[in-house]
Amino acid sequence: IGRTYSGKDVITANMYSKSVLRSVSGYLDDTYDCINYFPSYESVMQTKSWEIWGSDRIHVSDEFVGKIVRRLVDRYMDIEADNRTFHEFYQAYRAGNYDEAKRCIADLVENDCHNADYRAHFARVLLALNRPEEALQQVTQAVDLNKDKRTFRVIFADVLENLGLVD
């Protein structure tokens, strides 16, 4: 870092800005259940090896950034398991095994309740199982989560038709 445009010493200004950001992040993490602080900055600053730095000795190397991102993904996302479960859902649904499809998609919805696509798929399965009231709950939540998707409205219309509320 060469300059800060603040007129302050670059080392002092840099440490101050990092401290403010970390303080605010800690406050948000402590205050809100839906926010969780991930210590990527600390991972860099507490590492004793010079090998984490790029050739300019200012920026972190791409390799070390990749390690931090892998830790982040491992900590917060089980992408491989979700992909596997979605594949199982898709295969079961295509095969007409709606009970198994329901089990799979219910797991996905439980793990990611804000995923409108999962809820829409869940509604389709529930319709196939002749459970339109439950399908209505799922598709209503899908529409609420993403009002812009036309697909959800089509499923919603299917649910209403299945309930006998529209022709």
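Reader: What relative accessibility does R22 have, and how does R22 count on that basis: buried, partly exposed or exposed?
Author: The model is predicted, so local features need pLDDT of at least 70 and side-chain atom pairs pLDDT 80 or more, while totals for chains, interfaces and linings use all residues. Residues are numbered from 1 along each chain as its sequence is written, and side-chain values use heavy atoms, without hydrogens and water. Buried means under 20% relative accessible area, exposed over 50%, and partly exposed in between (1.4 Å probe, protein chains only). R22 counts as partly exposed, because its relative accessibility is 32%.

Reader: How many helices and how many strands does the secondary structure of the protein contain?
Author: Helices (H or I, at least four residues) and strands (E, at least two) are DSSP runs, numbered from the N terminus. Read from the N terminus on, the elements follow the order α-α-α-α-α-α-α-α. The secondary structure of the protein therefore comes to eight helices and zero strands.

Reader: What percentage of the residues of the protein count as buried?
Author: The protein has 167 residues. Of these residues, the share that counts as buried is 25%.

Reader: Among contacts in the protein between residues at least 6 apart in sequence, what percentage join residues at least 24 apart?
Author: A contact requires heavy atoms within 4.5 Å. When contacts between residues at least 6 apart in sequence are taken, the share joining residues at least 24 apart is 43%.

Reader: Which residues is S61 in contact with, leaving aside its neighbours within four places in sequence?
Author: S61 has its place in the loop between helix 2 (40-45) and helix 3 (62-76). S61 counts as buried, because its relative accessibility is 14%. With the neighbours within four places in sequence set aside, the residues in contact with S61 are E51, I52, W53 and G54.

Reader: Which residue meets E42 in a salt bridge?
Author: A salt bridge is a side-chain nitrogen of Lys or Arg within 4 Å of a carboxyl oxygen of Asp or Glu, and the structure holds five salt bridges. E42 lies in helix 2 and its partner in helix 1 (residues 10-31), so the pair ties together parts that are 20 residues apart in sequence. E42 itself is partly exposed, with a relative accessible area of 22%. The side chain that meets E42, at 2.8 Å from N to O, belongs to R22.

Reader: What is the N to O distance in the salt bridge between R103 and E88?
Author: R103 is partly exposed, with a relative accessible area of 39%, and E88 likewise counts as partly exposed, at 34% relative accessibility. In this salt bridge, the side chains of R103 and E88 meet with an N to O distance of 3.6 Å.

Reader: Which residues are linked in a network of salt bridges?
Author: In general, side chains of opposite charge can pair when their charged atoms come close. In this structure, the residues linked in such a network are E88, E100, R103 and D107.

Reader: How far apart are the centres of the rings of F86 and Y118?
Author: Rings of Phe, Tyr and Trp (its six-membered ring) pair if their centres lie within 6.5 Å; planes under 30 degrees apart count as stacked, over 60 as edge-to-face and the rest as tilted. A search of the whole structure finds four aromatic pairs. The planes of F86 and Y118 stand at 25 degrees, so the pair is stacked, and the centres of the rings are apart by 6.3 Å.

Reader: How many residues apart in sequence are the parts tied together by F86 and Y118?
Author: F86 is partly exposed, with a relative accessible area of 27%, whereas Y118 is buried, with 12%. F86 lies in helix 4 and Y118 in helix 6 (residues 116-128), so the parts that the pair ties together are apart in sequence by 32 residues.

Reader: Which residues do ring pairs link into a cluster?
Author: Y93 and Y98 form an edge-to-face aromatic pair, at 5.5 Å centre to centre and with 65 degrees between the planes. Y93 is partly exposed, with a relative accessible area of 28%, and Y98 counts as partly exposed at 27%. The cluster linked by ring pairs consists of F86, F89, Y93, Y98 and Y118.
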